[in-house]
Amino acid sequence: MAWSWFRGRSLTDVSEATEVRSRSRAAAFVALTKPRIIELLLITTVPTMVVADSGIPSLWLIVATVVGGALAAGGANAFNMYIDRDIDRLMERTKGRPLVTGEVSPRQALVFAFVLEIGAFGWLWGFVNLLSAVLAVSATLFYVFVYSLWLKRTSASNIVIGGAAGAVPVLVGWSAVANRLDWPPLVLFAIIFVWTPPHFWALAIRYKEDYAAADVPMLPVVVSLKKTASRIVLYTLLLWGLTLVFAPVADMGWLYLCSAVLLGAVFSGLAVRVFRRPEPQRAMRLFGWSITYVTLLFAAMAVDEVVRNGV
């Protein structure tokens, strides 16, 4: 039977078929790491390094930190997919994930996650410093045990507390340069910590029925959309305040401060629009802006630092 399949196909055809299958399998493992989330985390890491260095750190240090951070975040996300494989089957948004489709087995995913985390710790310790390695892996432990295994399925405060894991990359970025922590990175940690709930709750409004079907107590599932929107407004205003506090704490210039004021005003305006009419379409507009917001805010930090120091 195998020979009958092979006949009539050139070696090139067979090679291409094998390559396609391999690429598909490789893509499935990449999907386990949630690459788009990793991109978002790294968007905050590199500008933080620029602020910590008061200029542009060495290219090698940036690359080493980004690679190590990506490995750690990828491992954390793979652990999360392994843990959530049962509820991912119940949600339309996650039905295409590799563990649901069978492209990757649970055992393979678990081994893959461990390999990434061990690799991340060794890489960061060897090429950056021990503090960065410990912080990165600690974020994974918090994300896996506190958020994924405990809070996500038991508490409406899941994303509020669990979001701390996503704020650790700024600490990793700062410690990679300074090999210590200080008030500026702690304020940056607070900024991402407070940014996470309105960012995620906006998405949860859109996928409220998904979370309800999986019995996951995301805020829009357990309280009204109006109350969810009011929390979004509250956290957005607190976020705006923290971004302004960061200016004197980190001795930032006018470019950053003006950017923080303007970006915060837009974020708050969109949050109020959701409060006035908490519809999925408006919530997704806010969700999209929240990603643009954090990208532009951290870019403004980096540009401000480079311009003021004449790098």
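**Salt bridges, a pocket and some loop residues**

Arg153 is partly exposed, at a relative accessible area of 30%. That residue is a handy way into this predicted model, since its side chain meets that of Asp84 in a salt bridge, with N and O 3.3 Å apart. Arg153 sits in the loop between H8 and H9, and Asp84 in the loop between H4 and H5, so the pair ties together parts 69 residues apart in sequence.

Asp84 itself is buried, with a relative accessible area of 0%. Lys152 is buried too, at 10%, whereas Arg153, as noted, is partly exposed at 30%.

The total for the model comes to eight salt bridges. Another of them pairs the side chains of Arg277 and Glu279, at 3.9 Å from N to O. Given the 4 Å cut-off for a salt bridge, that pair still counts, at 3.9 Å. Both ends are partly exposed: Arg277 has a relative accessibility of 43%, and Glu279 has 30%. Back at Asp84, shared partners join Asp84, Asp86, Lys152 and Arg153 into one salt-bridge network.

Next comes the second largest pocket, which holds about 160 Å³ of space. Two elements give two or more residues each to its lining, namely helix H7 (106-127) and helix H8 (130-148). H8 supplies the largest share, five residues. The lining is made up of Phe79, Leu110, Phe114, Glu117, Ile118, Val137, Thr140, Leu141, Val144 and Phe145. Sorted by class, that gives eight nonpolar residues, one polar and one charged. Glu117 is the charged one, because Asp, Glu, Lys and Arg are the residues counted as charged.

Among the helices, H11 (residues 183-206) got a quick geometry check. At 1.5 Å a residue, its 24 residues should span 34 Å, and the end C-alpha atoms lie 36 Å apart, which agrees. H11 is also largely enclosed by the rest of the structure, since 18 of its 24 residues are buried.

Ser175 belongs to helix H10 (residues 164-178). With a relative accessibility of 0%, Ser175 counts as buried. Setting aside neighbours within four places in sequence, Ser175 is in contact with Asn129, Leu131, Ser132, Leu135, Arg180 and Leu181.

Lys34 is not a glycine, yet its phi is positive, at about 55°. Lys34 is located in the loop between helix H2 (11-32) and helix H3 (35-53), and it counts as buried at 11% relative accessibility. Asp251, also a residue other than glycine, has a positive phi near 55°. Its place is in the loop between helix H14 (225-249) and helix H15 (254-276).

Technical notes: Residues are numbered from 1 along each chain as its sequence is written. This is a predicted model: local features need pLDDT of at least 70, side-chain atom pairs count only at pLDDT 80 or more; totals for chains, interfaces and linings use all residues. Side-chain values use heavy atoms; hydrogens and water are left out. On a 1 Å grid over the protein atoms alone, a cavity is a set of points where a 1.4 Å probe fits but cannot get out, and a pocket is an open set with protein on both sides within 12 Å along at least five of seven lines; lining residues have an atom within 4 Å of a point. Grid points are joined across faces, edges and corners, and a volume is the space filled by probe spheres set on the points. Helices (H or I, at least four residues) and strands (E, at least two) are DSSP runs, numbered from the N terminus. Buried means under 20% relative accessible area, exposed over 50%, partly exposed in between (1.4 Å probe, protein chains only). The expected span of a helix is 1.5 Å times one less than its number of residues. Contact means heavy atoms within 4.5 Å.
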